[in-house]
Amino acid sequence: ARHFVQRFNFTKHNKRSPPVNFVLPRTFPKLDLSWLDSYGGNLNKCECQIVRSCAEWSCGIPLEKSIHTAYNQVIYNAEHYIYIENQFFISSLPDVDPGIYNSVVDALLERIVRAHREQKKFRVFVVMPLLPAFPGNLEETSSAAMRAILHFNYATIIRDENSLVRRLMKAGVPNYLEYITFHGLRDYSTLKGKLVTEQIYVHSKMLIADDRVVIIGSANINDRSLIGERDSEIAAVVRDTEMIPGKMNGEDYEVGKFAHSLRLALFTEHLGVSDSSIIDPVCEEFYKSVWLHCASANTQIFDEVFNCIPDDVVLTFSGIIERKTQAPLWKEDREEAEKLLSEVKGHLVLLPLLFLNQEDLLPPIGSRERLVSRVVFT
């Protein structure tokens, strides 16, 4: 609330003529919290810190990028796992045009390399959109904005020389999948008698570490949200103070009541299971036999039934056109398609890292997007 008051007062006083009266933050000499009793046992005791991205232009204060600091510190200090849901994954590419300077991927790299060096289990789960939410069909130049976001996401993950995956390999981590995996979410339904599928668009901006700390707010993983001098953002760092017994890599481990319950709720939804198999997010059995198996099986079923786009077999724009001309299984054999779809569990699928890897996804010459600075997309 005080962040809103500060931004409101700065904007109205400095950017409006004539200036308007300041808004004053409300105070509570005697705060009545009796209404919390209605929640029963569903409340958890936590420490909460508000962090921000703001600067002179947005709040009238010196540069603050405490969300960026919080992400990096939580990643560096994580003991067992990191779970990320975010609308973007654009980070740590200072040599591209334009330079991308937030260091979230640097922190992930350092933490994974440390785990590999110490021969310790460590997992990073990244859930993000399968495709950016911009207008246009990818095979058409009208989709230049969508392509640009794809370019920077893929450059961050695997395609640039300084991408996370390539830097892990250079650092001596031969199989990055032992430590980090990238995913989207997909669903299906029946519309006017037709079987249809669509991605579940990930718009959340959240990190959970070790079932003990959560960062949740408005900040994407990109420079626009994290370096402070661009978009104004706010987030909460929530640390559990009320612990319960849990498991990490098969060993007893105290987990936070709030962070643990949030992670279980998300995994239950993503994986379509709610049993003890999701209690320990680090152990080999969960990671490979539940998480990766579910994502791989769901991906294969969706691709077989719907000829999904994006997909790892589609490497070019012409490949998209060709795939759209192929009759999907649901049109050829509705009964078999429904049988396969009945085996889908939850919504988790693999992010197709090979998709359009033979194309230049930056805005083409002549497009409107080519005329604007690339920082708009990063």
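## Strand E7 and its partners

Strand E3 (residues 81–85) pairs with E7 in the antiparallel sense, over four bridges. In this predicted model, Ile-84 stands opposite Leu-207 in E7.

E7 also pairs with strand E8 (residues 213–217). The two run antiparallel and are joined by four bridges. Here Ile-208 stands opposite Val-214 in E8. E7 and E8 form a hairpin with three residues between the strands. In that hairpin, Asp-210 takes a positive phi near 60°.

## Two covered faces

In a regular strand the side chains alternate between the two faces of the sheet. Are the faces of strand E7 (residues 206–209) covered or exposed? Both faces are covered. Met-206 and Ile-208 lie on one side, Leu-207 and Ala-209 on the other, and all are buried. Leu-207, buried in E7, is the residue opposite Ile-84. Ile-208, also buried, is the one opposite Val-214.

## Helices H9 and H12

Two packed helices are described by the angle between their axes and the distance between the axes. Helix H9 (residues 284–306) packs with helix H12 (residues 334–341) at an angle of about 165°. Their axes are 10 Å apart. That angle makes H9 roughly antiparallel to H12, because angles over 145 degrees count as roughly antiparallel. The crossing is left-handed.

Which residues meet at the contact of H9 with H12? H9 brings Ile-301, Phe-302, Glu-304, Val-305 and Phe-306. H12 brings Ala-337, Leu-340 and Leu-341. The contact residues divide into seven nonpolar, no polar and one charged.

Definitions and conventions
Residues numbered from 1 in each chain as written. Predicted model: local features only at pLDDT ≥ 70, side-chain atom pairs only at ≥ 80, totals over all residues. Heavy atoms only, no water. Axes fitted to C-alpha atoms, helices over the stretch in contact; angles between N-to-C directions. Parallel < 35°, antiparallel > 145°, perpendicular 65-115°, else oblique. Left-handed = near helix turned anticlockwise from the far one by under 90°. Contact = heavy atoms within 4.5 Å. Nonpolar A, V, L, I, M, F, W, Y, C, P; charged D, E, K, R; others polar. Buried < 20%, exposed > 50% of the residue type's maximum accessible area, 1.4 Å probe, protein only. Pairing = 2+ DSSP bridges.
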